[in-house]
Amino acid sequence: MPATEAAWSDSALNSIWQHHAQQLLQQERLNPAAVRPALIKNAAYLRWRYLQHPQQFAQGQGQPLYTLWLLARRGQAAQGWCITSAQSPTVVDSCLPGDADAVFAALQALPPPPDGQWTSWLPHPKAHAQETLIWATAMQGAHFYEDWLAPAFQPGDTDVY
């Protein structure tokens, strides 16, 4: 079932993130060369990025743009989450426990969308995945009006990797 608005709370999501962050730290210790920058995907970030998105309830349609799905086995606390987009049946973000097979299990756990199947950026040979092109550019902020400060970027203006 899609998560209720209460599920976007610190108590529901931060424990999932803390467990995942511990796994990342353990991987970092085992293989420092494979370390990559990562976002802290705690409850505050998820609420800001998805629940409070300006288009979350686009044009008063009543259907949210993003839906949070908590993933749990019966009778157990949530162990992961996925966020889907209503614009197209796409998994746009996730925090999943375990190995690569968790991706396929998570996609199988989601109810089928009206269009047939979920598209996902999550890599797995059995998942219907779609590559997302990443455009990169170098930017240099400069004063173009003497009385204006240099540009200040806010979270969400750019993605930095």
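**Exercise 1. In this predicted model, which exposed residues sit on the face of α3 turned away from its buried side, and which residues make up the buried side?**

Solution. Start with the outward face: the exposed residues there are Gln108 and Ala109. Helix α3 covers residues 101-109, and its buried residues are Ala102, Val103, Ala106 and Leu107. These four span an arc of only 135° around the axis, so they end up on the same side of α3.

**Exercise 2. Work out which elements supply the largest nonpolar core, and what Tyr50 touches.**

Solution. First, the count: this core has 17 residues, and Trp8, Leu13, Leu46, Tyr50, Leu68, Trp81 and Ile83 have the most contacts inside it. Next, sort by element. At least two residues come from each of α1 (10-30), α2 (43-51), β1 and β2, with α2 giving the largest share, 5 residues. Then zoom in on Tyr50. Leaving out residues up to four places away in sequence, Tyr50 touches Trp8, Gln56, Tyr66, Ile83, Val92 and Asp93. Apart from this core lies another, of 11 residues, including Leu96, Ala102, Ala106 and Trp118.

**Exercise 3. Find the salt bridges: how many are there, and are their residues buried or partly exposed?**

Solution. There are 2. Take Asp10 and Arg47 to begin with: their side chains meet at 3.0 Å, N to O. Asp10 belongs to helix α1 and Arg47 to helix α2, 37 residues apart, so to speak a link between distant parts of the chain. Both count as partly exposed, Asp10 at 41% relative accessible area and Arg47 at 21%. Now the other pair: Lys41 bridges to Asp93, with the closest N and O atoms 2.6 Å apart. Since Lys41 is in the loop between α1 and α2 while Asp93 is in strand β3, the pair ties together parts 52 residues apart in sequence. Here both partners are buried, Lys41 at 17% relative accessibility and Asp93 at 3%.

**Exercise 4. How many disulfides does the structure hold, and how far apart are the sulfurs of Cys82 and Cys95?**

Solution. The number is 0. The sulfur of Cys95 is the nearest cysteine sulfur to that of Cys82, yet it is 9.6 Å away, and a disulfide needs the sulfurs within 2.5 Å. As for accessibility, Cys82 is buried at 0% and Cys95 is buried at 3%.

How values were computed. Residues numbered from 1 in each chain as written. Predicted model: local features only at pLDDT ≥ 70, side-chain atom pairs only at ≥ 80, totals over all residues. Heavy atoms only, no water. Buried < 20%, exposed > 50% of the residue type's maximum accessible area, 1.4 Å probe, protein only. Arc of directions from axis to C-beta. Core = buried A, V, L, I, M, F, W, Y, C linked by side-chain atoms within 4.5 Å. Contact = heavy atoms within 4.5 Å. Salt bridge = Lys/Arg side-chain N within 4 Å of Asp/Glu carboxyl O.
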